[in-house]
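Student: I am new to this structure. Could you pick one part, look at it closely with me, and then lead me on to the rest?

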Amino acid sequence: MTGTRVALIGLGMASKPHLEALKQLTGKVDLAGVYNRSQPRALEVAEAYGVTAFDTIDAIAADASVEAVILVTPPDQREDLVRTFAAAGKHILTEKPIERSSEQATALVETCEAAGVKFGVVFQHRFRVGAQRLTTIMREGLLGDIASVRVQVPWWREQSYYDVPGRGSYARDGGGVLISQAIHVMDLMLSLTGPASSVQAMCATTPLHTLEAEDFAAGCVRFASGAVGSIVATTAAYPGGAETLSIDGTNGSATLEAGRLLVHYRDGSSEELGETTGTGGGADPMAFPCDWHRDLIEDFVDSIRSGTQPRISGREGLRVHHLIDALVASSQQGKQVDVTPETVG
């Protein structure tokens with residue numbers, strides 16, 4: 001069986017781990033070609049990887065050999081791309097966030113569902129070794145009932161990061177640190193805890209940055225299970241550190257620090273797995289390995305072959321969008337806000 005042929009759309013800094021991951025998957029997943037608004041950049045990458053530089057989006061949609069596309073574009077460019085490729089029967093894997101708002105994200109999910117194509121979201125943190133072990137621990141109930149949850153994202157971005165036109169704006173990105181950075185850890189959190197029911201939050205822009213949206217957010221969360229939690233996320237924590245997710249249960253507690261998992265059980269036993277690798281939390285947003293992207297892309301392609309849903313479908317990806325909406329709304333309204341429930345299909 002030949003490899004599943006995919007096209008990569010968008011060649012900004014976020015394309016680096018995708019390109020390296022696809023290189024490692026050659027034979028199972030074959031890069032058919034690339035597209036970028038800047039044709040010189042597309043030609044440069046195409047030459048380096050020995051693939052086609054597509055001239056237009058329509059050329060990719062018309063290429064019957066291309067089964068799927070990976071979208072690595074800013075959120076404000078997603079709608080037309082998703083509609084075009086879904087209509088052409090191409091399966092779609094998109095970078096986070098799905099779109100700039102929950103309403104727009106939902107529309108794209110429904111477009112793909114109506115067209116009968118797979119739609120996956122790049123939440124690669126779920127594919128870290130420590131995260132996968134924690135998923136198993138939670139599924140098997142080894143921590144008991146969840147009592148509390150703590151998320152911390154102490155990241156740093158230089159002002160030059162926000163000086164890129166549109167970055168940190170609502171029109172291009174849909175917001176700031178919540179939707180662009182903390183979304184990864186919050187998605188992982190929800191996959192382990194189940195849905196959030198309400199939040200009370202404050203979002204702000206610190207004097208360390210100039211941008212339209214927030215570079216700091218803090219919120220308290222109540223989950224549908226009855227557990228409580230906190231989220232603190234910022235890109236103003238110089239020089240930047242590893243994000244952490246801690247879960248306290250009736251039988252023990254677990255902390256995931258980047259890729260390193262440490263678990264302490266009430267019976268005195270413990271376990272440790274993984275390591276604290278680069279996370280992209282410092283001045284270089286792409287300072288992390290491509291392994292997680294590789295495994296996520298492989299899972300997505302496997303779902304195409306098997307006719308099943310990818311581990312992180314677009315429908316499931318909507319949950320974190322609703323949580324972010326609630327956090328921002330709570331800050332704006334200065335009160336507790338309910339989180340819109342989402343049925344995951």
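Tutor: Gladly! Helices (H or I, at least four residues) and strands (E, at least two) are DSSP runs, numbered from the N terminus. This is a predicted model, in which local features need pLDDT of at least 70 and side-chain atom pairs count only at pLDDT 80 or more, while totals for chains, interfaces and linings use all residues. Residues are numbered from 1 along each chain as its sequence is written, and side-chain values use heavy atoms, with hydrogens and water left out.

The phi angle of Ala258 is near 55°, a positive value in a residue other than glycine. Ala258 has a relative accessible area of 2%, so it is buried (under 20% relative accessible area; exposed is over 50%, partly exposed in between, with a 1.4 Å probe and protein chains only).

Two other loops hold cis peptide bonds. One joins Tyr238 to Pro239, with omega near 0°, and Pro239 lies in the loop between strand 10 (228-234) and strand 11 (244-249). Another links Lys96 and Pro97, with omega about -15°; Pro97 belongs to the loop between strand 5 (91-95) and helix 5 (102-115).

Six strands form it in the order 3-2-1-4-5-6, an open sheet with parallel pairing (two strands pair if DSSP finds at least two bridges between them). Strand 3 (52-53) and strand 6 (119-122) are at the edges with a single partner strand each, so one side of each has no neighbour in the sheet. Strand 3 runs parallel to strand 2 (residues 29-35), joined by two bridges, and Gly33 has Thr52 of strand 3 as its bridge partner.

Ile57 counts as buried because its relative accessibility is 15%. It touches Ile9, Tyr35, Leu81, Thr84 and Phe85, leaving aside residues up to four places away in sequence; contact here means heavy atoms within 4.5 Å. Asn36 is 21 residues from Ile57 along the chain, and their C-alpha atoms are separated by 9.3 Å.

Now for two helices. Helix 1 (residues 15-24) packs against helix 2 (residues 39-49) at about 25°, with axes 12 Å apart; axes are lines fitted to C-alpha atoms, for helices over the stretch in contact, and angles run from 0 to 180 degrees between N-to-C directions. That makes the two helices roughly parallel (under 35 degrees; over 145 is roughly antiparallel, 65 to 115 roughly perpendicular and the rest oblique). Ser15, Leu19, Glu20 and Lys23 of helix 1 make the contact with Arg41, Val45 and Tyr49 of helix 2. These residues divide into three nonpolar, one polar and three charged; Ala, Val, Leu, Ile, Met, Phe, Trp, Tyr, Cys and Pro count as nonpolar, Asp, Glu, Lys and Arg as charged, and the others, Gly among them, as polar.

Last, look at strand 8 (residues 196-204), which pairs with strand 9 (residues 216-223) in the antiparallel sense over eight bridges. Ser198, for instance, has Arg222 in strand 9 as its bridge partner. Strand 8 is also joined to strand 15 (residues 337-338) by two bridges, again antiparallel, and there Val199 stands opposite Val337.
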